[in-house]
Each structure stands twice: as structure tokens, then as C-alpha cells.
Amino acid sequence: MVGELSGKAAIVGLGYSKLERRSPRPLAHFAREAAHAAIADAGLRVEDIDGLGTIPNIAAYGNTGDLEGIDIVSVPNMIRMLGRERGIRWHVQTPGLCPDTIIAAAAAVAAGACDYALVWRAVNVPKGRYSDFSRAEARGEHQFRAPYGFTMPAAWQSVALRKYMHDHGSTREDMAAFVVQNRKNTQLNPKAYWHGTPLTVEEYLEAPMVADPFCLYDCDIPVDGCVAVVLASAERARDLAQPPAYLTGYAQTTWPTRGGFTDSEHLWEGAAAMGEKLWASAGLGPGDMDVAMLYDGFSVFLYVWLEGLGFVPRGEAASYIASGATALDGELPLNTSGCSLGEGRLHGMAQVSEAVLQVMGRAEGRQIEGAAHAVATVGAGTLASGGLIFSREARA
Amino acid sequence: MTGEGAPVTKPVPVPDAITAPFWEAANRGVLAIQHCGDCDTSIHPPAALCPDCQSPALAFREVSGRGRVYTHTIVRDNVTQGFARDEPYVIGIIELAEQERLLLIANVVGVALEDVRVGMPVRVTFERLTESIALPQFEPDEGD
Ligand SMILES: [Zn+2]
């Protein structure tokens with residue numbers, strides 16, 4: 001049975017801040033820029049916004065700041081920035097990743113808890129060394145990881161690619177095919193951090209290794225920036241400035257990791273379990289998708305999602321990409337904007353925004369003709385991951 | 001705490017109500033893994049309840065200390081304190097011989113970085129960190 005929420009809400013506006021690195025500007029400036037851009041894009045005024053949602057957490061691990069307005073931008077801050085102390089009827093802050101917040105906001109506008117909900121995700125480049133772990137003691141979940149120097153997200157996920165390469169006979173050249181294709185797509189996306197910087201297979205293969213088999217270009221590029229979207233009910237969405245991107249499918253992962261990133265099989269199991277819920281919620285399947293924006297915070301997640309969601313059988317993602325099927329002119333154009341690896345580390349908002357733009361028909365030089373359904377996934381496949389399907393029409 | 005000039009150590013595990021028996025055994029040079037008496041499953045890292053059957057009937061028991069490299073990485077851009085920034089090291093995900101997918105994180109030592117392989121047989125050895133904490137590590141298992 002199709003999910004009750006399918007087709008009842010839509011994203012009706014989208015806004016980006018500039019994407020910079022180590023900007024002297026506080027993160028709040030980026031959030032304000034994205035919020036106003038999204039509201040204007042929808043053809044609304046600030047006074048129309050009566051719902052707010054965000055993920056107020058820092059998007060990093062280790063010793064980094066969490067100062068309001070500098071490292072995070074929470075709901076109370078946005079209320080003040082928009083001058084909406086008296087006008088907000090609904091708000092939510094969810095930990096984790098953006099699909100949780102978007103699903104909550106879609107439910108809120110569909111149920112009438114608010115009319116127009118603004119959802120944003122503001123992230124920065126953490127101060128100092130990325131995911132620095134400078135602590136003398138390792139408590140809780142850290143006690144079986146940190147004493148071994150296993151504190152870096154890139155290292156946690158690199159073991160998944162190693163196992164995949166071993167089990168399925170894929171190579172770094174195979175991954176180069178995806179990363180280079182992705183960077184090529186990025187050249188059609190002027191808002192992307194890596195726009196204007198192409199990448200060759202040779203450059204990928206010769207790049208510094210971070211945690212073998214991950215090199216620098218298997219990791220997304222940390223940026224200072226914010227992306228915001230406006231949601232409205234399907235009824236309200238029809239009368240606004242942009243063609244609506246209806247939310248027709250949605251799922252959250254409920255697959256916990258065990259043992260702190262030891263067993264990469266959990267990624268595929270979690271993605272598959274989420275995929276079942278995602279397709280059921282929309283009454284659609286992988287074959288119905290015209291484009292896919294799969295989370296690529298680390299390159300190996302492409303394999304997790306392509307296989308976990310059932311686009312290809314287990315172990316065949318690398319050869320599927322190498323066949324050209326995921327290029328802009330292939331049967332499943334993948335990460336058409338460059339997403340996390342190319343656009344920037346926006347914790348899933350790059351995936352959401354490109355899926356929305358594709359079904360709105362606004363993806364400019366990278367628009368896939370007639371794209372009616374787009375899937376976006378965020379996360380590694382395990383807990384906190386989520387998936388969204390956006391469609392040009394409200395009913396599948 | 002570390003004062004000026006004091007050596008910067010690796011993060012030292014702080015045993016808690018759930019994990020204390022693991023570290024107490026390691027300190028004696030024994031690898032002990034939590035085991036569920038109800039469903040006969042071994043569990044690592046230790047948990048409050050069995051993740052498979054939710055039983056609280058958990059106890060630690062000595063294991064062989066033998067296993068294989070399930071997967072691994074070479075950390076080259078290190079960010080953990082106590083590890084020299086310019087000295088790459090191997091993190092192995094070790095699958096213990098007692099149970100499929102019974103996995104434990106350790107450094108693979110006593111072998112060149114490039115020679116570590118998925119499937120390589122390994123066995124436990126202990127690295128003393130402090131008077132009360134010894135870290136299980138793994139080295140190539142040449143057999144007896
Ligand atoms: Zn049990």
C-alpha cells in the first residue's frame with residue numbers, strides 16, 4: 001500500500017548560499033542567505049513562513065566547535081533572523097540527517113500544522129584538523145576504536161571499499177570511473193565547489209591516499225554553506241512560483257550499526273531494508289526512476305545504494321557504472337550535479353536539491369529530459385540514513 | 001592530565017560497567033569475549049543486552065585469540081592523538097575464529113603495511129598502555 005503521505009506535500013522552493021571554504025563569515029550569514037533565496041524562489045514572503053525545521057548538529061566528528069551562529073544554526077536562531085517570533089506555528093529539530101527533517105516537515109504541511117515550512121541544513125568546515133581526536137581517554141563507543149587510531153570517518157568507511165574490492169573483484173580504476181564521471185557532471189553545476197576543476201582518471205589514481213583504498217577524491221569536499229527548501233501541502237503547492245516537486249516516497253533507516261563501523265555488510269543490509277520501505281511508500285520501484293542522487297559523502301556509498309536499493313544485483317555496481325549506464329546520457333543518470341563529492345559536503349542537501357530541480361525541470365545544462373521521478377538517498381545505509389522520492393505529479 | 005612537555009599518549013580505554021571484564025582479562029593477557037547464554041551468540045563490542053535475543057544473561061569467556069583479517073585500511077592522514085602524523089599504520093577488522101562476523105578492531109602489527117591481506121590468518125598479542133590497560137592487537141598467525 002502506498003504511504004499515507006505520498007503526494008500530499010511538495011518542495012516548492014530551493015535556495016543556496018555561496019559555498020566557500022574556511023570563510024571568515026559566521027555560518028548564520030550563509031543560513032540567512034539560503035533561507036531568503038528559498039523563500040523568494042517559491043514566490044513567498046518571509047511572513048508566509050510558519051514552520052521551521054533543521055538539523056542543528058555539527059556535521060563533524062572529533063574536537064570541533066558547536067557555537068551557535070558560527071558552527072551551527074538552530075531553530076531559535078532562524079526565528080530571530082527571519083523576525084518570526086510571533087509567526088511560527090510548528091518547528092522541529094532532528095538529529096542525524098536531512099531526510100528525517102524533510103519527512104517531518106512534509107507531514108506537518110500535509111496535516112495543516114503549518115502552511116509553509118522552511119527546512120535548512122547549514123554546515124561548515126570544522127576548525128583545525130578534520131575529525132581531530134585529541135583526548136587522553138577513550139570512553140563508551142570510543143574505547144574499542146580510538147586506542148587503535150580508528151577515529152576518522154574516512155577510515156571507518158574505507159574498510160567497506162576494501163572488502164567490496166576483495167569480494168567482488170573491483171579496482172580503484174573502477175571507482176575512478178565513477179568519481180571522474182561525477183566531476184564531469186559537476187562542470188555543469190555552477191554552484192558546485194569543484195565547478196571549474198575537472199578531474200582525470202590519472203589524477204584520481206595518483207591523488208594522496210587518506211585511508212587506503214580511499215584517496216582524497218573518495219571523500220566529499222567540506223564547505224561552509226547552507227541549502228534551504230520550502231515545503232507546502234499539495235493544494236498550496238499548485239499556486240506558487242515553481243512547478244512543485246511532490247514528495248511521493250520516503251523512508252528512514254532503522255538498521256543500527258554494530259561494533260562501530262566494523263562490519264560493512266551492515267551498510268548493504270540497512271540500505272536494502274530502507275529500500276523496501278522507500279519503494280513501498282511510493283508504489284514505485286527502481287525501474288521507475290529517471291534519475292538518482294545517491295549519497296556520496298564517501299565514494300563507496302554509491303555501491304551501497306545502487307545495490308541496496310535494487311538498481312543492480314549485489315556486486316555489480318562497479319561494472320554497471322563502468323558500462324556508462326549512469327552517465328548523463330545513460331539509462332540511470334546518477335548524481336547529475338556532482339552531489340557531495342562535486343558540489344560540497346552539505347550532508348545530503350546536494351542530493352535533495354538536485355532531485356528536486358530535476359523533477360521541476362530546472363536542472364539547466366544537466367537536465368534529464370522529461371524526468372518524472374527522482375530518488376535521493378542520504379547517509380551510509382545504516383541508522384540515520386533516509387531516502388526520498390520526488391515526482392513531477394502528485395500521484396505515482 | 002598531560003602537562004607541558006609530557007608525552008602525548010594514545011587515548012586510553014576507560015572501562016565501564018559493561019566493558020570492564022573485557023579489559024580486566026586483556027590486562028592478564030587473555031582475550032575474553034561477551035557471550036549470550038540464551039542464544040549462544042558471541043557479542044563484540046560488549047552490550048547491555050544481547051543484540052540478537054535481548055537476553056541479559058551475558059558472560060565473558062576466553063576465546064582462542066585466532067582469526068582472520070575481514071577487511072583493513074592503512075591510515076595515512078592520521079588524526080588520533082598519540083599516533084605520529086607521518087607514520088602510517090594498519091587498522092584491521094578482525095573476524096574471530098569462534099563465530100562468523102564476530103568482529104573486533106585492532107592494529108595489525110608485526111607485518112609490513114603493504115603485506116596485510118583480506119583473509120590473512122592472525123592471532124592476538126597484547127600491547128601494554130598503562131599499568132591496568134593492555135590493548136589486544138593482532139599479528140600474522142604462522143601456526144603452532
Ligand atoms: Zn542472545
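## The contact between the chains

In this predicted model, the contact draws on 40 residues of chain A and 42 residues of chain B. The area buried between chain A and chain B comes to about 3,500 Å², with carbon and sulfur atoms giving 57% of that area. On the chain A side, the residues that lose the most area to chain B are Arg129(A), Phe144(A) and Tyr148(A), and together these residues make up 24% of what that side buries.

## Cavity and pocket

Rolling a probe the size of a water molecule over the atoms shows where empty space is left. In this structure there is 1 cavity of 30 Å³ or more, and the largest cavity has a volume of about 60 Å³. The elements that give two or more residues to its lining are α4 (153–168) and α8 (265–282) of chain A, and the largest share, 3 residues, comes from α4(A). The lining is made up of Trp156(A), Gln157(A), Ala160(A), Thr257(A), Phe261(A), Thr262(A), Asp263(A), Ser264(A), His266(A) and Leu267(A), which divide by class into 4 nonpolar, 5 polar and 1 charged.

The second largest pocket has a volume of about 150 Å³. Its lining includes Arg22(A), Ser23(A), Pro24(A), Arg25(A), Pro26(A) and Leu27(A), and also Phe30(A), Ile70(A), Asn124(A), Val125(A), Lys127(A) and Asp224(A). Sorted by class, this lining holds 6 nonpolar, 2 polar and 4 charged residues.

## Packing of helix α2 in chain A

Helix α2 of chain A spans residues 75–82, and its buried residues are Val75(A), Asn77(A), Met78(A), Ile79(A) and Leu82(A). These buried residues pack against α1 (27–41), β2 (51–54), β3 (90–93) and β4 (116–123) of chain A. The residue that follows α2(A) is Gly83(A), which has a positive phi near 65°.

Val229(A) belongs to strand β8 (residues 225–233) of chain A. Val229(A) counts as buried because its relative accessible area is 0%, which lies under the 20% cut-off. With neighbours within four places in sequence left aside, the contacts of Val229(A) are Ile11(A), Gly13(A), Leu14(A), Ala38(A), Ala117(A), Leu118(A), Val119(A) and Met349(A). Although Val229(A) and Asp41(A) are 188 residues apart in sequence, their C-alpha atoms are 9.2 Å apart in space.

Glu307(A) is part of helix α9 (residues 301–308) of chain A, and with a relative accessible area of 7% Glu307(A) is likewise buried. The side chain of Glu307(A) is joined to that of Tyr164(A) by a polar contact of 2.4 Å. Not counting residues up to four places away in sequence, Glu307(A) touches Tyr164(A) and Trp268(A), together with Val312(A), Pro313(A), Arg314(A), Gly315(A), Glu316(A) and Ala317(A).

## A loop residue of chain B

Ser64(B) is placed in the loop between β4 (58–62) and β5 (66–75) of chain B, and its relative accessibility of 45% makes Ser64(B) partly exposed. A polar atom of the Ser64(B) side chain lies 3.2 Å from the backbone nitrogen of Arg66(B). Apart from neighbours within four places in sequence, Ser64(B) is in contact with Ala97(B) and Glu98(B). By contrast, Ser64(B) and Asp86(B), which are 22 residues apart in sequence, are 34 Å apart in space, C-alpha to C-alpha.

## Backbone geometry

Most residues other than glycine have a negative phi, and most peptide bonds are trans. Asp212(A) and Pro213(A) are joined by a cis peptide bond with omega about 5°, and Pro213(A) sits in the loop between β6 (209–212) and β7 (214–215) of chain A. In chain B, the peptide bond from His44(B) to Pro45(B) is also cis, with omega near -5°, and Pro45(B) is found in the loop between β3 (42–43) and β4 of that chain.

Asn335(A) is not a glycine, yet has a positive phi of about 45°. Asn335(A) is located in the loop between α10 (317–322) and α11 (339–342) of chain A, where a relative accessible area of 0% marks Asn335(A) as buried. Arg101(B), again not a glycine, has a positive phi of about 60°; Arg101(B) is in the loop between β6 (89–96) and β7 (103–107) of chain B and, at 31% relative accessibility, counts as partly exposed.

Technical notes
Residues are numbered from 1 along each chain as its sequence is written. Chains are lettered from A and ligands numbered from 1 in the order in which they are written. This is a predicted model: local features need pLDDT of at least 70, side-chain atom pairs count only at pLDDT 80 or more; totals for chains, interfaces and linings use all residues. Side-chain values use heavy atoms; hydrogens and water are left out. Helices (H or I, at least four residues) and strands (E, at least two) are DSSP runs, numbered from the N terminus. Buried means under 20% relative accessible area, exposed over 50%, partly exposed in between (1.4 Å probe, protein chains only). A polar contact is a pair of N or O atoms within 3.5 Å; within protein, one must be able to donate a hydrogen and the other to accept it, and residues adjacent in sequence count only if both atoms are side-chain atoms. Contact means heavy atoms within 4.5 Å. On a 1 Å grid over the protein atoms alone, a cavity is a set of points where a 1.4 Å probe fits but cannot get out, and a pocket is an open set with protein on both sides within 12 Å along at least five of seven lines; lining residues have an atom within 4 Å of a point. Grid points are joined across faces, edges and corners, and a volume is the space filled by probe spheres set on the points. Ala, Val, Leu, Ile, Met, Phe, Trp, Tyr, Cys and Pro count as nonpolar, Asp, Glu, Lys and Arg as charged, and the others, Gly among them, as polar. Buried area is the accessible area (1.4 Å probe) that two parts lose on being put together, summed over both.
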